[in-house]
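The entries follow the order in which I looked things up.

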Amino acid sequence: MATNIDPQEIVKQVTDRLAERYPEVQHEHISSLAVEELGKISNSRVTDYLTVLTERAVRSRLAK
């Protein structure tokens with residue numbers, strides 16, 4: 001069963017966690033990446049893992 005999601009809360013959580021891990025990267029840049037990555041998967045049928053998947057995708061992009 002899909003749960004109600006709050007895209008802004010997902011972006012905030014991902015941004016806050018990754019800003020701690022990557023202090024040299026601007027908060028706004030991380031946030032924009034999170035918005036972009038969440039947008040790619042937000043229409044998924046299963047929404048339980050959107051935060052984890054978004055964070056993983058952004059972390060991958062930041063590590064490059």
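This is a predicted model: local features need pLDDT of at least 70, side-chain atom pairs count only at pLDDT 80 or more; totals for chains, interfaces and linings use all residues.

Residues are numbered from 1 along each chain as its sequence is written, and side-chain values use heavy atoms, with hydrogens and water left out.

**Entry 1: core.** I looked up the nonpolar core, a set of buried Ala, Val, Leu, Ile, Met, Phe, Trp, Tyr and Cys residues joined through side-chain atoms within 4.5 Å. The largest one has 13 residues, and V14, L18, I30, V58 and L62 have the most contacts inside it. Two or more residues each come from α1 (7–21), α2 and α3; α1 gives the largest share, five residues. Helices are DSSP runs (H or I, at least four residues), numbered from the N terminus. I then listed contacts (heavy atoms within 4.5 Å) for I30: leaving out residues up to four places away in sequence, I30 touches T15, L18, A19, Y22, V25, V58 and L62.

**Entry 2: charged pairs.** I took a salt bridge as a side-chain nitrogen of Lys or Arg within 4 Å of a carboxyl oxygen of Asp or Glu. The count by this rule is five. E55 and R17 form one of them (2.7 Å, N to O). E55 lies in helix α3 and R17 in helix α1, so this pair ties together parts that are 38 residues apart in sequence. E55 is buried at 15% relative accessible area, whereas R17 is partly exposed at 38%.

**Entry 3: R61.** Which residues are linked with R61 in a network of salt bridges? I found E36, E37 and K40. The R61 to E36 bridge is 2.9 Å, N to O, and the E37 to R61 bridge is 2.7 Å. E36 is partly exposed at 39% relative accessibility, as is R61 at 31%. E37, in helix α2, is buried at 9%. Not counting residues up to four places away in sequence, E37 touches T54, A57, V58 and R61.

**Entry 4: surface.** Finally, I noted a nonpolar surface patch of V46, Y49, V52 and L53, with about 390 Å² of accessible area together. Its members have over 30% relative accessible area and no salt bridge, with nonpolar side chains (Val, Leu, Ile, Met, Phe, Trp, Tyr) joined within 5 Å; areas come from the Shrake-Rupley method with a 1.4 Å probe. V46 sits in the loop between α2 (27–41) and α3 (50–63) and is exposed at 53%.

Technical notes:
Patches are made of residues with over 30% relative accessible area and no salt bridge: like charges are joined within 9 Å, nonpolar side chains (Val, Leu, Ile, Met, Phe, Trp, Tyr) within 5 Å. Buried means under 20% relative accessible area, exposed over 50%, partly exposed in between (1.4 Å probe, protein chains only).
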